[in-house]
Amino acid sequence: MKKDENFSEWYNEIVEEAGLTDKRYPIKGMNVWPAYGWKIMRYVDSYIREELDATHHDEVCFPLLIPQTEFQKEKEHIKGFDAEVYWVTKAGDNELDIPLVLRPTSETAMYPMFSLWIRSHSDLPLKIYQLVNTFRYETKQTRAFIRVREIHFFESHTCHVDEEDAQKQIEEDIQILSRIAKKLCMPYMLLRRTEWDKFPGAYYTVGIDTTLIKGRSLQLGSIHHYHENFSKPFDIKYEDLNGDLKYVHQTTYGMSERLLGAVIGVHGDDKGLVLPPAIAPFQVVIIPILAKGNVEEVEKQACILRDELRAAGIRVELDDGDERPGNKFFKWELKGVPLRLELGERDIKNGVVAFARRFDGQKGSFQRSEVTSLVKAELDKIAEEMDAKAWAKMKESIISVDDLENPPEMILRFGWCGDENCGKAIEEKTGLKILGTPYIHEEFHGKCAGCGKDTDIVVYSARAM
C-alpha cells in the first residue's frame with residue numbers, strides 16, 4: 001500500500017505489520033500494546049519525565065475513578081465531556097450511592113486534593129504531572145494511537161499565585177515541548193484555539209498541531225491557561241503575604257500516544273516505519289552476510305561488533321536468524337530501524353562495516369576501527385536531517401489564501417474578522433476546521449476570508465485527522 005495513494009489504509013497496515021499495536025482486543029478503540037510499540041512509547045515517556053523532572057515538576061499518580069459529585073463541580077468541564085465519559089454505577093450486585101466516572105482527564109480528580117494541599121503562598125507554585133490512561137467514548141471511527149477510547153496520556157497540572165506566574169508556566173511548557181519534539185524530529189504549530197474550540201473550562205487553549213498527508217492536521221496535545229476557572233469551584237485558595245485569601249491561577253499541559261501516531265504519519269514511507277534514533281527500540285541492526293566457509297568467523301565478528309556498540313550505549317540488535325539477508329532487510333526496514341550494518345567476509349578483510357540508512361536509503365561504509373564513534377555521529381546526523389526535512393515539509397504544506405472558494409488540500413492561512421458566527425460559517429461552508437490564531441504573533445493586514453471586513457487577525461485552518 002502506498003502512503004500517498006491511501007493514507008488511511010497505509011497507516012492501518014503499517015501499525016499492525018510493524019508490531020506497534022494489536023486491535024484484536026474485544027473492545028473497539030482499546031488496543032493491546034505489543035512489545036515493540038510499547039518500547040517506543042516508553043522512550044517517548046522517558047523524555048517527558050526527563051523534561052518535567054528537570055523543570056521541578058513532581059510525578060504523582062491519582063485514582064482512575066472520579067465521583068460524580070466532584071465531576072459536576074465545574075459545569076463547563078462536564079458540558080464538554082458528558083457525551084464521552086464512561087460511568088461505573090454498580091459494584092457486584094450493588095448499585096453505587098454515587099456514580100463514578102473513568103477519568104477523561106484529571107482536573108476533577110486532582111483539584112479536590114489541591115484544595116487540601118495548598119494553604120499558603122509558600123506552597124506555590126505547585127507543579128505535578130502523571131502518565132496514566134484516560135478514557136473517552138470516541139464515537140467516530142477509531143484509528144490506532146490517533147483516535148482511541150483508552151488513551152495513554154501525559155498531563156501536568158500547576159498552581160500559581162497570579163496570572164503572570166501562570167503565564168510564565170505556559171512559556172516553560174512551550175520550551176519543554178520544543179525539546180521533546182526535537183527528540184521525535186517532529187514539526188509543530190502553536191495555535192491559540194477559538195473560543196468555541198478551547199478546552200472546556202479553560203481561559204484559553206494553545207493547540208499543538210502537526211501536518212500529515214496532503215495538509216491534514218493532527219493535534220498532538222494542548223496547553224491550557226485556566227485563570228481561576230477551576231480554583232473557584234474547587235475552592236483552591238492560598239494565604240498571601242498580607243494574610244489575604246486568594247484563588248490560585250492554574251495551567252495544564254497534556255499530550256498523548258498521538259505523538260506515536262504522528263511519528264508514523266510524518267516520517268513513515270511505503271516501506272514502513274522510519275523511526276527517529278532517540279525513540280527507536282533498536283537504533284542499529286547488524287545483518288551478518290554469510291557464505292559457505294565463512295560462517296563461524298563472520299558470526300564471531302558480528303557478536304564482537306554488537307558488544308562494542310552495546311557497551312557504548314547504542315541500542316543494537318544482531319539478527320542471526322536463518323532468513324536470507326534480503327528478507328531481514330525488508331523486516332527491519334518495516335520496523336524503521338535507523339541504521340543497518342552489514343558484515344561479511346570481504347568487509348572483515350577490508351577492515352570496514354557496510355551501512356544503510358533507513359531515512360533516505362543512503363549507503364556507505366565505516367572504518368571498523370572507528371565504528372563506534374562513526375555510528376554515533378551517523379545517528380546524530382540522521383536525527384538532524386529527519387528534523388529538517390519534516391519542518392520543511394510542514395512549511396511547504398501551508399499556503400496563504402485570500403478567499404475560500406475551492407480551497408486546496410493544504411493548511412490554509414487567511415484573514416478572519418474574529419467574529420464567532422463568521423468563523424463557524426467558514427467551517428460549515430468549507431468543511432475545514434479553524435485551528436486558531438498563531439500563539440507567537442504574526443503581522444497581518446487584509447480582509448476576512450468569510451465576510452470581507454478589514455482585519456489584522458490571521459488564522460490557520462485544515463482538515464483535521
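Me: His-56 lies in the loop between α2 and β1. Buried or exposed, and how do you know that?

Reply: This is a predicted model, and everything here is read from it. The relative accessible area of His-56 is 64%. Exposed means over 50%, so His-56 is called exposed.

Me: What is the phi of His-56, and what makes it worth a remark?

Reply: The phi is positive, about 65 degrees, although His-56 is not a glycine. His-227, in strand β9, also isn't a glycine and has a positive phi of about 60 degrees.

Me: What is His-227 called on the accessibility scale, and why?

Reply: Partly exposed, because its relative accessibility is 22%. Buried would need a value under 20%, and exposed one over 50%.

Me: What makes the pair His-157 and Glu-155 a polar contact?

Reply: Their side chains are joined at 2.8 Å.

Me: Which sheet are they part of, and what makes β1 and β18 its edges?

Reply: The sheet is open, with 11 strands in the order β1-β5-β6-β12-β9-β8-β7-β20-β23-β19-β18 and mixed pairing. β1 (58-59) and β18 (398-400) have a single partner strand each, so one side of each is left without a neighbour in the sheet.

Me: Which helices lie on that sheet, and at what angles?

Reply: Helix α2 (residues 35-54) lies across β1, β5 (126-135) and β6, and runs at about 5 degrees to β6. Helix α5 (residues 107-117) touches β5, β6, β9 (217-227) and β12, and its direction makes about 155 degrees with that of β5. In the loop between α5 and β5 you'll find Pro-125. Leu-124 and Pro-125 are joined by a cis peptide bond, with omega at about -5 degrees.

Me: How do you know that β3 and β4 pair in the three-stranded sheet?

Reply: Five bridges join β3 to strand β4 (residues 94-102), which run antiparallel; at least two are needed, so they pair. In β4, Leu-100 is the bridge partner of Val-88. This open sheet has the order β2-β4-β3, with antiparallel pairing. β2 (65-67) and β3 (86-91) each have a single partner strand, so they stand at the edges. From one strand to the next, the twist averages 45 degrees.

Me: What makes the buried residues of α1 line one face of the helix?

Reply: In helix α1 (residues 7-17), the buried ones are Phe-7, Trp-10, Tyr-11, Ile-14 and Val-15. Seen down the axis, they fall within an arc of 120 degrees, so they line one face. Their cover includes α7 (258-267) and α9 (325-334). After α1 comes Gly-19, with a positive phi near 80 degrees.

Me: Lys-328 lies in helix α9. Buried or exposed, and why?

Reply: Buried, because its relative accessibility is 4%, against a cut-off of under 20%. A polar atom of the Lys-328 side chain lies 2.9 Å from the backbone oxygen of Asp-319. Among the residues Lys-328 touches, apart from those up to four places away in sequence, are Ile-287, Asp-320 and Glu-323.

Me: Which residues have the most contacts inside the largest nonpolar core?

Reply: Leu-20 and Ile-264, in a core of 61 residues. Beyond neighbours within four places in sequence, Leu-20 is in contact with residues including Val-15, Trp-33, Tyr-36, Phe-145, Ile-264 and Leu-273. Apart from this core lies another, of 23 residues, among them Val-85, Ile-118, Leu-124 and Ala-202.

Technical notes:
Residues are numbered from 1 along each chain as its sequence is written. This is a predicted model: local features need pLDDT of at least 70, side-chain atom pairs count only at pLDDT 80 or more; totals for chains, interfaces and linings use all residues. Side-chain values use heavy atoms; hydrogens and water are left out. A nonpolar core is a set of buried Ala, Val, Leu, Ile, Met, Phe, Trp, Tyr and Cys residues joined through side-chain atoms within 4.5 Å. Buried means under 20% relative accessible area, exposed over 50%, partly exposed in between (1.4 Å probe, protein chains only). Contact means heavy atoms within 4.5 Å. A polar contact is a pair of N or O atoms within 3.5 Å; within protein, one must be able to donate a hydrogen and the other to accept it, and residues adjacent in sequence count only if both atoms are side-chain atoms. Helices (H or I, at least four residues) and strands (E, at least two) are DSSP runs, numbered from the N terminus. Axes are lines fitted to C-alpha atoms, for helices over the stretch in contact, and angles run from 0 to 180 degrees between N-to-C directions. The arc is that of the directions from the helix axis to the C-beta atoms.
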